[in-house]
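Subject: Handover of a structure and the findings from it

Dear colleague,

Please find the structure below, which I hand over to you for your own reading. My findings come after it.

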Amino acid sequence: MASTGISLYASCKSHYSNPQGKGCKYAGQSVKALPIRIITVGKKRSAGVQLIVDDYIDKLKHYCRVEDVRVKSNPKNARDVMAQIVHEDMALMDLIRSNEWVVMLDEHGLDVGSEQMASLIGDAGNTGASSLLFCIGGPYGHGKQLRCRADVSIKLSSLVLNHEIALVVLAEQLYRAWTILKGQKYHH
C-alpha cells in the first residue's frame, strides 16, 4: 500500500486518499450529516449483539439517520464457495443506490484509526453522495462487483472478525467518529 493514499484491494477504482497524520481534519467544524446505511451479510444475529448494535444506532441518530440492513448469508444455498460469494455479491449490489458513497469493510483494506474514520465521514459529506454505505461481507468476503463499486476499502482490525463482531465494532466507531467531529468528550 502506498503511504500517500490507499489502493483498494482487488478493486476497480482507487480515488480516495486519506490523511496519514493524527487528528481529524474536520474536528469542531460543520460537517454534512449524510444518512448512514450498514449492510451486513450474515445469519440471524444473536440477541446480545443486536442489543449492542441497537444501542449505538440510537446514539448515532443524534447525528444522522442510520439504517441497519441484513442480507442472508448464502441466499441460494450454494455448496460451492465461489457461487456463494457471487450470490451474496448480487444481493448486496441490488441494495446499493447509485448515488451512495460505498465503504467496503475488508481484511485487506486501509487500516484507519478513529480520527481517520471521522475524517472519512467528513470527506464523504463533500462527495455529493446522498448517503454513506458501509458493507460487511459474509464468511468468504466480498465479490467482484462490490469491489468494483466501492469508493474505499477499510479494515477495522488486523484480525479477521466475524460479521457480528465487525458490526459491533463499526457501530461503536461510527458513534466515536461523530463525537470526534462534534468535539465531544467520548474519545480520549
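This is a predicted model: local features need pLDDT of at least 70, side-chain atom pairs count only at pLDDT 80 or more; totals for chains, interfaces and linings use all residues.

Residues are numbered from 1 along each chain as its sequence is written, and side-chain values use heavy atoms, with hydrogens and water left out.

The whole chain

The chain has five helices and five strands. Helices (H or I, at least four residues) and strands (E, at least two) are DSSP runs, numbered from the N terminus. Along the sequence, they follow the pattern β-α-β-α-β-α-β-α-β-α. Of the 188 residues, 51% count as buried. Here buried means under 20% relative accessible area, exposed means over 50%, and partly exposed lies in between (1.4 Å probe, protein chains only). Among the contacts in the chain with a separation of 6 or more, 85% are made by residues 24 or more positions apart. A contact means heavy atoms within 4.5 Å.

Helix H1

Helix H1 covers residues 47-60 and has 14 residues. From the first C-alpha of H1 to the last, the distance is 20 Å, close to the 20 Å expected at 1.5 Å a residue. The expected span is 1.5 Å times one less than the number of residues in the helix.

Which residues of H1 are buried? They are Val49, Val53, Tyr56, Ile57 and Leu60. These residues lie on the same side of H1, because they cover an arc of only 105° around the axis. The arc is that of the directions from the helix axis to the C-beta atoms. As a general point, an α-helix has 3.6 residues a turn, so residues three or four places apart point the same way. Ala47 and Leu51, on the other side of H1, are exposed. The cover over the buried residues of H1 includes strand S2 (66-72) and H5.

Helix H3 is mostly covered, with ten of its eleven residues buried. Among them are Met117, Ala118, Leu120 and Ile121, together with Gln116 and Asp123. What covers the buried residues of H3 includes strand S3 (100-111), strand S4 (131-136), strand S5 (152-155) and H5.

At what angle do H3 and H5 pack? H3 (residues 114-124) and H5 (residues 163-181) pack at an angle of about 75°, and their axes are 8 Å apart. H3 is therefore roughly perpendicular to H5. Axes are lines fitted to C-alpha atoms, for helices over the stretch in contact, and angles run from 0 to 180 degrees between N-to-C directions. Angles under 35 degrees count as roughly parallel, over 145 as roughly antiparallel, 65 to 115 as roughly perpendicular, and the rest as oblique.

On the H3 side, Ser114, Glu115, Met117, Ala118 and Ile121 take part in the contact. They meet Leu170, Gln173, Leu174, Arg176, Ala177, Trp178, Ile180 and Leu181 in H5. By class, this contact of H3 with H5 has nine nonpolar, two polar and two charged residues. In this scheme Ala, Val, Leu, Ile, Met, Phe, Trp, Tyr, Cys and Pro count as nonpolar, Asp, Glu, Lys and Arg as charged, and the others, Gly among them, as polar.

Two further residues of H5

Glutamate 172 is placed in helix H5 and counts as buried because its relative accessibility is 14%. Apart from neighbours within four places in sequence, glutamate 172 is in contact with Tyr56 and Tyr186. Valine 169 is also in helix H5, and at 28% relative accessibility valine 169 counts as partly exposed.

Residues in loops

Glycine 137 lies in the loop between S4 and helix H4 (144-149) and is buried, with a relative accessible area of 12%. Leaving aside neighbours within four places in sequence, glycine 137 is in contact with Val41, His142 and His163. The C-alpha atoms of glycine 137 and serine 73 are separated by 8.9 Å, although these residues are 64 residues apart along the chain.

Asparagine 74 is found in the loop between S2 and helix H2 (81-95), and asparagine 77 is found in the loop between S2 and H2. Phi of asparagine 74 is near 50°, a positive value in a residue other than glycine. Phi of asparagine 77 is likewise near 50°.

Yours sincerely,
A colleague
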